Every structure is written in structure tokens, then in C-alpha cells.
Amino acid sequence: MSKSSEEVGRSQTRPPVRVVLAKLGLDGHDRGLKVVARMLRDGGMEVIYLGLRQTTETIIDAVEQEDADVVGISMLNAGHLTLGPRMVEALVAAGLDVPVVIGGIVPDEDLSALVDAGVAGVLGPGASADEVVACVLAAADSRG
Amino acid sequence: MIPVSAVVRSVAELVAAARGGERRAVARLLTLVERGGAVADEVAERSWSALGGITEGSTDGSRAHVIGVTGPPGAGKSTLVAGWMIRLVERGCRPAVLAVDPSSPLTGGAILGDRVRMADATAAGVFIRSIATRGHAGGLALAVPGMVRILELGGFDPVVVETVGVGQVEVDVASAADTVLVVVTPGMGDAVQANKAGLLEVADLFAVNKSDRPDAADVRRDLELMLDLSGLTGHHREGVADRPSITSTVAITGAGLDELADATETHLVNLATTGTLVTRREERWRAEVRSHLDRLLLDSSHQLVDALIRGSLLTGDESSAGKSPAAVARGLALLLAEQMTEYLDGVVEDDR
Amino acid sequence: MNEPRENHGFRTLSGVPVDVVYGDGPEPGEFPYTRGVHAEMYRSRLWTMRMFAGFGTATDTNARFRELLAAGGTGLSTAFDMPTLMGRDSDHDWALGEVGRAGVAVDTVEDMADLFAGIDLGAVSTSMTINGPAPILLAMYVVVAEEGGVDRERLSGTLQNDIFKEYQAQKEYIFPPRPSVRLVTDVIGFTAAEMPRWNPVSVSGYHIREAGSTAAQELAFTLANGFAYVEAAVAAGLAVDEFAPRLSFFFNSHLDFFEEVGKFRAARRIWARWMRDRYGATDERSMKLRFHTQTAGVSLTAPQPEVNIARVALQALAGVLGGTQSLHTDSFDEALALPSEDAARIALRTQQVIAHETGVTNVVDPLGGSAYVEWMTDEMERRAEEVFAHLEDLGNGSLLEGVYAGIENGWFVGEIADAAYRYEREVNAGERIVVGVNAFTEGDDPSKRRLLRIGQETEDLQLKRLAIVKQARNDVAVADTLARVADDAVEPSTNLMPALINAARARVTVGELVDILEAKFGTYVERVVV
């Protein structure tokens, strides 16, 4: 039986993983984002919650000053194929080696395009707390 | 295009880069200090010497005006700090903010939501770092002075440490500053809460936020009354002749923030001219040394006590049988003292 | 297309004759309307089958509108794209990548005209789902109607225009709360005087529920918002009975069948009592709560999407048995993207099956009298009253002030976030089964999912359209009409609608109007509560 995300959190001797969590674009739905924030907190992570209507610039500022380990962005409006790669590119251009995890409605056929664009993980709308925490931790670990 | 660096820089490189004003280096050093351990020690040593150590003008190595901001939750502190910092930027300052939020005692995680409330400040160039308390009592008291020092190294001034002032730890953190600002709001019994939290003894300045509310006059009056009382009972900060000033603000519109900026600057000037600044910074330095000492002794004694427990010296031993727990402890303390001397010799050896 | 009911004299499928209503207690159509706002309900007129549509350019959506009307839909409901919802033009920085994706792009009155091309606005009822810039879109609609020869008094429809729930749930706000409520009451006052067949506000619980609230919270927050608007309109100088008959509501229809039915019935009862006893309404139309229902988008699953057809059918049934006046059924593929044509048609057919094949429309409030349903109605009411008491307390006796306070201190947002999280944990822990997601997962075929894609061409096309309008219009008229809007905006007692209509006629854009209002009213910055 797999550990609950809380057990994983407590058993970690590593310092808490710091995640910048944001939504790109104009969409105002933040229910999922808030739920994910709580899941990550319960999984022992520190969530720098930026919330709605962020731009790649504001996210990069935060990643830099907060020395974040992972960026989590949420999108519901089918903008993932433009906004996802754009976020990765912006981080690379700023010289920040920080993995990006995308959450939202992403059809399977778009997954390989996102992976090719450098996205470190994709979470669907029905992902459980364990899956969310595991995905973000794996992304944090994937960093050199 | 800046190439993504695959190389992890050394502490020395990071310190040099931070001194040159590189934000990324500052951020990375903050992380290293936060994590503690040997690397944090190295950062402490190098940043200390890079700052120039203790001098006549800086009796605790300080290079910036350190301001603690605290107060009951819901007072709008983040909005207030954001607006105030923007005005300081306009006045030519380079402010930085450490925003502290509590970690979940159960999971060790945290949601750090101050940054999002200060979005306009980051846009104006204010450096903002969110810190979680990470659940170690006293751990925060260790990390924050070190982090403040990194921000000073990076050339930021003033450095604001913002906490939610409901616990002793947060009050301690806020009071490890040159100037302590307590923010209250009308209608929530804030003045009473602030008093209970011990904030009235450490406050240098007050801000009554949301002062456009009809009951703002009440909270101001409550504060004045409590200050009168504390004056009568002798509870006031050492060496400060003046009563703490009370500034009315409406953070969301910006009203009163210029006055607040003036008040904090004036406070710093007063501290300097009355010689109180030197005293406070010396006390801060002593407090920081004490924190480290506590940590050192606590860590070493815990390890040894664990060993004692494992060696069953604390359970059902004949020599303990007739003694009270306090007496048993006293006996063990002597044993511990010997073992600790050995242990600490090893620790201190590294510094030689 | 609301024809009289088919003539089978109200008999079951097997020919058994049935009465209008069964059981004791207040009759439908009688105060407090628990059993329904009309005596005959669907026996004399079916609910409106109002299908929400909108994507791409106005021309694209116009085609979908016409399809839906031809397929038997009886009312139009417009979904706008994100830039329009947020009051920005398609050429604004923030619009990049978003034009025409979540709905139709409307920048000027020319887009509005294309949207309704070939549709008789005097004959069809139109709902516009927009909030922050709602008065502007209404102004454009009026101009289109009048330029097409239809007087404003004949226009029938609804403007969502419910700004409170934006701060609480949907987050499509622009200005701070108080000036925004002024805009709402301006629309209420304007329509009361000049557009008697128009519903100026659709007080919405749908979005609150989608954000994660419970059924009782949805009910309570929605009605509280409704009461708050009543107080605001009265404070603006209107008499209750002047405007209240045209206030309408919009609820979610979610999965727990009887909870939903109880919620709808409680809503009617609460509204009736409060309007009569608290706000002094004497016209019974002020006391009758009329509502539109949409099935719960948030309950749709991405895996095994066809199963959503079953969910939607049951949710729609709950809405009908709850006595809704109008219904939108979600398409089964909506968990993934905007609905495809086929899926939208199935959703409409679902309503038609309920209306014409199941016989549930033969009797009014058929579930009334059930011990469970009556208990649930009472329970929903009781829980709502607790919330009203809290808000009244926060507002020192005024629900309007209580709602403002709850917005400002994050109370609504916190309650909703807590409820959402609780639900999520239950699903995670397996305490709550979601078919296809945490149970019964065999049978999912990801490769079969077809999605509606909006390409970049839409955005390019819309930018061209906008540029053409801007070039062709009279710049002097634009400047003049904008100046008038600015002047009227700073006079709280001046109704802004006439100035907005003038500006719309001069082909001023949505973004230009929002900019000028923002300059006068300020921008709302949310105090984030996670």
C-alpha cells in the first residue's frame, strides 16, 4: 500500500521542496489550484502561492527570489500547448534550471509535444493527492 | 540568452556575486542559511567577513535598517508593507522583505501567501522572500538574523521582517530588529490581542490600518490607553523616551503610507542620536550568540541524553530508585557535562 | 418555440389520467411557492431549453445559434471569451492566446450584430453570460436590436450581471465592489423603466457551486446576494415591486438528486418569505423566484466521457423536478474542452426526452409530499438561515453590508475553499466514489476523445475585424461619447446606461469603455485566501 502524501512528507529528511504555484492566462477558476496548494502542503512542501492571472515574468521573478525547486502551472482553457512551452522557454532564457509541472485538462495526444518542449510533468484533473505530490517531488528530483 | 548553469557555485562565489548585487545569488544564499548545517555555517562566516564584521559604526555587523512588522492576522500587513515599500523605492531605497508564515506542525509543509498580496511591490522591484517557520521552535530565531545579513550583503536597505504576531516565536523574531512596527485594525479587539501577545512592550511604532472604518477611533484610543498603562507599570522599551507613534493608514488606497515611511525613518534617526541604536544592536548580537549557544548545547545534550536512554541509565536503575526525577537529572548533568566537553572539543576544533 | 403542450390530456404512457397536483399543503403558484411559481408549471409551458454557446468569432457562434434554434432550442445563451469577460479587447496584451477560445469574442457592436445576424431579437429570448462589463454588452445588444428595427421594450432576455459571485467564486471582476454594484443597480433601474421584458440580473449560485461549495452554501450565498441587490436597488431609489419581478436566479444542478430538489424548493420558499416580510414586496411577482439551471460542469469526468450523458440526464431531471424555468444541459465532452456539435445536440436531446417521453411534466411538483423531500427542503432552508444570520451580523443588520464585509475579509472564499478541499479529500480517501475515476475504471479509451480545437486563425481574424471597425468609425464621436461616460461615471446618481448606449452606437470598444470606467472606479485587487 503506498504511503499517504502526509506520510511521505513526514518521512522526508530533505528540506521541504519549494513550489511556485500559479495560473497563466485570464481564466479565473482557482478551485483546482487551491486544492493542489493544500495537497502539496499536506505532502510537506512549501507552496509559494501566486494564484490567478500571472505572467511568465511574474512567475520568473518569484522563482528567482524564492529559489524555487519546481514551478507548477495550472491551465484549463486549452492553452497548454502555447503557454506550457512558453513557460519553459522563459525559464531557460532567464537562466533558471527549474522544472515545470503542468496541471489541467491536457488531452493525451498533446503529452509528447509537452514533454518535447521540456515540461517535466503533467497532471490531469482527476489526479489524487498522492499522484500530485509524487509528480511534483519527481520533478524536483529531476533537476540536476 | 543566459545559458542555464549546470555548475553549482561555491559559497565563496555566491557571496561575491551577492555583494555585486546579483539577486539570484542572494536567493541561493538565503536557501543555504535556511537549511542550516555546515554549509550554513560557511555562509555565515563568509558573509560576516564580507560585510566587514563588527565596526564602530556597526556594533552587530548591521548595514541596514532592520524593521520588524507584526500584528494580529487580518490586519492587512502585507498590503501595508507592499504600499510602504513602493514609496521607499520612490525615495531611492532598495528594500527587501522576509515574509514569515507558519508551517503545518503535522506535515511540515506550508502555504506561503504573503507574496501574492504584495504583487505590486515585486513589480516595483522590491525583493520578497517567503519563509516558513519549519516547525522548530527557536529555529526561526536562528535563521532569520542570518537571512537578514544575506540581504544586507546584497545591498538591500531597509530589510523588513514580517510575521503574524500571535506567538512568542514571532514576537521574538520581530523584536530582533532596530524598529518594531505593530499593525492593528479596528473592530477585532486587536489592541487587546496585541497587548496579550506582549507586542506592546516591544513596539516602537503602531499603524492603525483600515482606518477609514468607523470604529478606527476606538482602536486608537484602546492603544493609547494601554500605552498609558504600560508607561505607568514601567513596561516600555529601554531607552526610548518617546511614546510609540500611532499612524493611521488605509493600505488599499495608500493613505498614511508616506507618514508611516516618515515615522520609521524618524525612529531610526532618534535611535542613532540617542545612542540607543548601538545598545539595541549590541543586544541583538548577544541574543543571536545566545540562540546559537542554546542550539549547540541543546543539540549536543539531546544526542547524549538519547544515548543515555538507550543505555538504560534513565530507567529502573538501583541508584535512581529512591531519588526524585530532579535528583536523578542533577546526577546525570554531571555525567553529561563531561561528555559534552569532549563533544564540543570536536565541534570547536573545526573552527581552529 | 414554446407551443402548447401535446394533446394527450395528461395521461401516463399507459393512458392513466393524472391530476395537476397531489398532496396537501400550499398549492403551486401560491405563496410561498415551495411547490412551484405557477399553478400548472410544465403542463401549460415547458421550461426553456436554453443551450449555452459561444466560441470563435461572432460569425462562428451565429452559425451554432442558428443550428440550436433549428434543432428545437427555445432560447439563446451566449458564452463570451475570456478577454471579453474581463473587459479587454482582442488586441489587448492579456488577450494573447485567449481570443475566441472559451467563448465568442465581442469587441464592438459590429461583433454583436454579426452574432445575431438573421435572428429576430423581438422573437427570441437571449441570455448573456457576462458580469464585469455586463452593462456595456447590454448597451451593444440594445443598439443592434434598434438598428435592426426592434424597439428596446420588446427585447426579452437576461443579463447575468451578478458581480457579487465574481468576488466570491468566478473571479471575473474588474472594479472594486461598490462601484460595481452601482453598475448593477444602473442596469436594474434602466431595464425597469425601458426594457420591461428583460431580466437585469441573474443571481447565480452555479459558479459558487462549481468553485466547491456545498448545496446549502450555494443556496445561502446566492439568496444572500439577491437580498443584497434588493437592498442596493432600494438604496438607489427604486421601489421593490418596480424591479424585483425581473430578478432571476441561476442554480447548479449537481449529483445528489434529492439534495438538489430540496435546495430548489427551499430557494423559492425563502425568497418569497423574505421579499414579503423583510423587504415589503406586495406584488406577488416580486416574491416568485424564477431560475435557470445548468447541470454541474465540475461533476463531468474526463475518463469514460460518455458516462457523463447519464450524469447530465439525472442532473437535468433534478432540475425539472425542482421546478426550473430554464435549463442548460452540459455536453458529455465538456470536461476536456468546449463542446463539439454532436455532443451539444445530445445534450439538447436529453432535455427533450425528459420533456416529451418521461411524463414527469404531467404533474406539478411530483416529489412534493415525500417525507424525505419535505425534510430536505426544511433542512436546506434551516442551513441557509444560519448563513443569513451570520451575514446580517457582519453587516450590522444589513445583508448588503454583510456581503461586502464577507467579500472583503475573505469569508465566502474561505468557506468555499474549505468545502472544496473536504470533498477532494473524501474522493482521495475513496470515501466518495466517482465512477470512472476512483472506481469502475475499465473501459476508458483515451484515443477516442475528440476535441474542439480553436486555432490561431480565429485570433488573427478577430484582430482584423477589430481593426476594420476602428478605422471606419468616427473618431470625434468616439471621443465625445467616451467623455460623456467619464462624466456620468463620477456622478453616482446618474444612470450610466444611456451614455454606454451612445458610446456603443459610436462603435466604441468594450476595452475602451472599461478603461475609462477603471480610471474612475479603480481596479479590484483580491485579498487572496488559499
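**Close-up views of a predicted model**

**View 1. The surroundings of C:Lys288.** When the neighbours of C:Lys288 within four places in sequence are set aside, this residue is in contact with C:Gly29, C:Tyr33, C:Val37 and C:Trp271; contact means heavy atoms within 4.5 Å. The structure is a predicted model, in which local features need pLDDT of at least 70 and side-chain atom pairs count only at pLDDT 80 or more, while totals for chains, interfaces and linings use all residues. Residues are numbered from 1 along each chain as its sequence is written, chains are lettered from A and ligands numbered from 1 in the order in which they are written, and side-chain values use heavy atoms, with hydrogens and water left out. C:Lys288 lies in the loop between α11 (284–287) and β8 (291–295) of chain C. Helices (H or I, at least four residues) and strands (E, at least two) are DSSP runs, numbered from the N terminus. C:Lys288 counts as buried because its relative accessibility is 14%; buried means under 20% relative accessible area, exposed over 50%, and partly exposed in between (1.4 Å probe, protein chains only).

**View 2. Helix α15 of chain C and its packing.** This helix spans residues 399–408 and is mostly covered, with seven of its 10 residues buried. Among the buried residues are C:Leu399, C:Leu400, C:Val403 and C:Tyr404. The buried residues of α15(C) pack against α5 (164–170), α6 (177–194), α8 (215–235), α10 (257–278), α14 (371–394) and α16 (411–428) of chain C. At the start of α15(C), a side-chain oxygen of C:Ser398 comes to within 3.2 Å of the backbone nitrogen of C:Leu400. Just after α15(C), C:Gly410 adopts a positive phi of about 75°.

**View 3. The interface of chain A and chain B.** Here 31 residues of chain A are in contact with 29 residues of chain B. The two chains bury about 2600 Å² between them, 50% of it on carbon and sulfur atoms; buried area is the accessible area (1.4 Å probe) that two parts lose on being put together, summed over both. Four salt bridges are found across this interface, a salt bridge being a side-chain nitrogen of Lys or Arg within 4 Å of a carboxyl oxygen of Asp or Glu. A:Glu66 and B:Arg115 form a salt bridge through their side chains, at 2.7 Å from N to O. The elements of chain A that give two or more residues to the side touching chain B are α1 (5–11), α2 (31–42), β2 (46–54), α3 (56–66) and α4 (80–93).

**View 4. Strand pairing between chain A and chain B.** Three bridges join β2(A) to strand β3 (residues 110–112) of chain B, and these strands run parallel. Two strands pair if DSSP finds at least two bridges between them. The bridge partner of A:Ile48 in β3(B) is B:Leu112.

**View 5. The interface of chain C and chain B.** Four residues of chain C and five residues of chain B take part in this contact. The area buried between chain C and chain B is about 460 Å², with carbon and sulfur atoms giving 55%. C:Arg527, C:Val528 and C:Val530 supply 80% of the area that chain C buries against chain B, more than any other three residues. One salt bridge is counted between the two chains. B:Arg213 forms a salt bridge with C:Glu408, and their closest N and O atoms are 3.2 Å apart.

Notes
A polar contact is a pair of N or O atoms within 3.5 Å; within protein, one must be able to donate a hydrogen and the other to accept it, and residues adjacent in sequence count only if both atoms are side-chain atoms.
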